[in-house]
Amino acid sequence: MAKPASPRSGQRRRMENFRKVRSEEAPGGGGAEGGGPGSGPFADLAPGAVHMRVKEGSKIRNLLAFATASMAQPATRAIVFSGCGRATTKTVTCAEILKRRLAGLHQVTRLRYRSVREVWQSLPPGPTPEQKPSEPAASLSVLKNVPSLAILLSKDALDPHQPGYQPPSPHPDSSSQPTAPTPKRSLREPAAGEGSAKRSQLEPGAAEENQTT
């Protein structure tokens with residue numbers, strides 16, 4: 001007997017007939033850290049700080065080029081990398097690379113959730129069997145809670161007791177530097193001191209042979 005189809009598989013088949021038109025942040029999606037959609041996770045951020053919004057299709061090379069040039073200016077004291085959903089991994093990568101390029105940066109990481117509304121529209125060629133030809137294309141609105149990550153990197157010292165604080169990374173020690181490769185010797189070439197040791201072992205025998213003769 002055939003098993004009944006699960007509700008999730010039926011929903012997946014229905015979503016195949018739709019395409020995503022736009023995605024926008026829903027009102028009141030401040031998340032666990034508080035604040036409205038327009039306020040960031042760092043309320044006491046110094047004026048003039050650079051805010052880098054990382055998206056799923058952003059190029060890391062372009063983001064880091066702008067971030068490095070901005071942080072090279074003495075007037076720029078802090079920078080924030082923020083991304084949500086699938087862009088969180090790219091957000092962490094940008095922050096870690098910038099920390100290696102510029103030493104002495106203090107870091108604060110904040111994780112919260114954002115409410116995102118996705119608007120989907122039915123695909124052409126037209127209406128579904130339940131629709132009449134005169135009816136417009138059907139639209140669907142989906143509300144999702146996606147993780148949002150914000151990383152603050154500051155040249156100035158920050159409060160070490162606040163959640164998510166990380167001190168500047170120490171300078172790399174000598175153990176992390178690559179060591180010079182040791183030269184390889186051939187199988188027929190004796191090691192240093194090996195030939196002299198063999199000669200010293202043969203000397204008593206040679207002396208006895210000289211005495212017998």
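This is a predicted model: local features need pLDDT of at least 70, side-chain atom pairs count only at pLDDT 80 or more; totals for chains, interfaces and linings use all residues.
Reader: Which hand does the crossing of H2 and H3 have?

Author: The crossing is right-handed.

Reader: How do you know that H2 meets H3, and through which residues?

Author: Contact means heavy atoms within 4.5 Å. On the H2 side, Ile 60, Leu 63, Leu 64, Ala 67, Thr 68 and Met 71 take part. They meet Lys 90, Thr 93, Cys 94, Ile 97, Leu 98 and Arg 101 in H3. By class, this contact has 8 nonpolar, 2 polar and 2 charged residues.

Reader: Which residues touch the most other members of the largest nonpolar core?

Author: Met 52, Ile 79, Phe 81, Leu 98 and Leu 153 do, in a core of 17 residues. At least two residues each come from strand E2 (50-53), H2, strand E3 (78-84), H3 and strand E5 (139-154). H2 gives the largest share, 4 residues.

Reader: What does Met 52 touch, not counting residues up to four places away in sequence?

Author: Met 52 touches Leu 63, Phe 66, Ile 79, Val 80, Phe 81 and Ser 82.

Reader: Which residues does the second, separate core include?

Author: That core has 7 residues, among them Phe 42, Ala 78, Val 80 and Leu 152.

Notes. Residues are numbered from 1 along each chain as its sequence is written. Side-chain values use heavy atoms; hydrogens and water are left out. A crossing is left-handed if the near helix is turned anticlockwise from the far one by less than a right angle, and right-handed if clockwise. Ala, Val, Leu, Ile, Met, Phe, Trp, Tyr, Cys and Pro count as nonpolar, Asp, Glu, Lys and Arg as charged, and the others, Gly among them, as polar. A nonpolar core is a set of buried Ala, Val, Leu, Ile, Met, Phe, Trp, Tyr and Cys residues joined through side-chain atoms within 4.5 Å. Buried means under 20% relative accessible area, exposed over 50%, partly exposed in between (1.4 Å probe, protein chains only).
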